[in-house]
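Subject: Structure handover

Hello,

Here is the structure I promised to pass on. Please open it before reading the notes below.

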Amino acid sequence: MGDPNTRKTTMQAKLRAQLKKKKESLADQFEFKMYIIFRFKDEKKDPAVFEVEQVMPVMTNNYEESMLRGVEEEGYSLESTKELIRKDVVQLHAPRYQPVRKDMIGCTTEIDFFLWPRRDLEKIECKLFSRWKGEEDAPFKPLLGEFEYFSKDYENQLLLLIGRKDKRGLIVNNPSQSMFLFCDMHHLQTPTRKAITFKLSSLCLYLPQTELTCWAPGTMDDVMGPILPF
């Protein structure tokens with residue numbers, strides 16, 4: 001028998017070749033579920049959990065222009081951006097969410113989460129799950145990728161964006177480049193001074209196509225059960 005990893009790599013290569021002819025990506029063959037978790041520095045405080053209404057997969061090269069614009073605005077380096085563009089990476093966008101709370105079930109809205117200035121947030125964490133399309137009876141399984149963004153990291157990047165002409169769609173990313181935040185800058189007039197705030201408008205996760213079939217043990221219910229408020 002051949003090596004399992006070799007067989008898996010060969011299968012993925014053949015599938016990507018077939019999908020390329022159809023102008024599809026491997027990500028189009030999956031259904032995704034994503035949860036966004038805002039964890040607080042006070043460990044006694046329950047995290048704020050949101051379920052993404054619809055996860056939208058997009059190939060990275062489709063966003064090449066906006067990524068390079070981020071380089072011009074010093075949001076991230078040219079070297080790191082070129083590396084992402086060269087990779088066979090899928091962007092998993094989360095434009096809308098619903099709060100996972102007993103009193104707000106079914107309330108779906110665009111993300112508009114207050115990010116800065118505030119001192120209570122420890123990090124933003126995302127949990128990503130998938131299953132093959134057409135397997136509605138199968139459980140969603142957790143993907144192996146880690147997606148987290150500590151407040152100290154995104155705050156430093158947001159400070160660099162103050163003074164930019166563009167106020168909407170400003171992009172910052174975590175050090176591992178697995179999570180990108182799309183933020184809007186707002187100017188508020190107080191009785192004594194002008195204040196600047198940043199709010200999260202949407203986010204996306206970056207995942208190499210080769211990791212789309214790399215699942216961790218267990219199911220979505222196993223992972224989210226201890227985190228959900230009910």
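How many aromatic pairs does the count come to? The count comes to eleven. Bear in mind that this is a predicted model.

**Aromatic rings**

Start with Phe38 and Phe50. Their ring centres are 5.7 Å apart and their planes stand at 85°, so the pair is edge-to-face. Phe38 belongs to strand β1 and Phe50 to strand β2 (residues 48–52), so this pair ties together parts that are twelve residues apart in sequence. Both Phe38 and Phe50 are buried.

Phe50 also pairs with Tyr97. Here the ring centres lie 4.4 Å apart with the planes at 80°, so this pair is edge-to-face too. It links distant parts of the chain: Phe50 is in strand β2, Tyr97 is in strand β5 (residues 96–99), and 47 residues separate them.

Ring pairs link Phe30, Phe32, Trp132 and Trp215 into it. Trp215 has a charged neighbour as well: Lys141 lies over the face of its ring, 3.8 Å from the centre. Likewise, Lys45 lies over the face of Phe40, at 4.1 Å from the ring centre.

**Nonpolar cores**

Which residues have the most contacts inside the largest nonpolar core? They are Met34 and Leu181, in a core of 41 residues. Strand β1 (residues 30–40) gives the largest share of this core, six residues. Apart from it lies another core, of nine residues, including Tyr35, Val49, Phe129 and Phe140.

Met34 deserves a look on screen. Setting aside neighbours within four places in sequence, Met34 is in contact with residues from several stretches of the chain, listed here in order:

- Phe50, Glu51, Val52 and Val55
- Leu92 and Ala94
- Cys126, Lys127 and Leu128
- Leu203 and Leu205

As background, nonpolar side chains tend to be buried together in soluble globular proteins.

Next, strand β13 (residues 194–208). This strand is mostly covered, with eleven of its 15 residues buried. Its pairings are as follows.

- β12: the two strands run antiparallel and are joined by eleven bridges. They form a hairpin with four residues between them. Phe180 has Cys204 in β13 as its bridge partner.
- β4 (residues 89–94): six bridges join this strand to β13, again antiparallel. Gln91 stands opposite Tyr206 in β13.
- β7: three bridges pair this strand with β13 in the antiparallel sense. Trp116 stands opposite Phe198 in β13.

Leu200 lies in strand β13. Its relative accessible area is 1%, so Leu200 counts as buried.

**Backbone points to check**

Trp116 comes up again here. Where is the cis peptide bond? It runs from Trp116 to Pro117, with omega near 5°. Pro117 sits in the loop between β7 (113–116) and β8 (121–132).

Gln177 is the other backbone point. Gln177 is not a glycine, yet its phi is positive, about 60°. This residue is in the loop between β11 (170–173) and β12 (179–189). Is Gln177 buried or exposed? Its relative accessibility is 15%, so Gln177 counts as buried.

**The whole chain**

Some totals to close. The protein chain has five helices and 13 strands. Of its 230 residues, 42% count as buried. Among contacts with a separation of 6 or more, 67% are between residues 24 or more positions apart. The protein chain exposes about 13300 Å². Carbon and sulfur atoms supply 51% of that area.

Best wishes

Technical notes: Residues are numbered from 1 along each chain as its sequence is written. This is a predicted model: local features need pLDDT of at least 70, side-chain atom pairs count only at pLDDT 80 or more; totals for chains, interfaces and linings use all residues. Side-chain values use heavy atoms; hydrogens and water are left out. A nonpolar core is a set of buried Ala, Val, Leu, Ile, Met, Phe, Trp, Tyr and Cys residues joined through side-chain atoms within 4.5 Å. Buried means under 20% relative accessible area, exposed over 50%, partly exposed in between (1.4 Å probe, protein chains only). Contact means heavy atoms within 4.5 Å. Rings of Phe, Tyr and Trp (its six-membered ring) pair if their centres lie within 6.5 Å; planes under 30 degrees apart count as stacked, over 60 as edge-to-face and the rest as tilted. A charge sits over a ring if NZ of Lys or CZ of Arg is within 6 Å of the ring centre and within 35 degrees of the ring normal. Two strands pair if DSSP finds at least two bridges between them. Accessible areas come from the Shrake-Rupley method with a 1.4 Å probe; for residues, only the protein chains shown count as cover.
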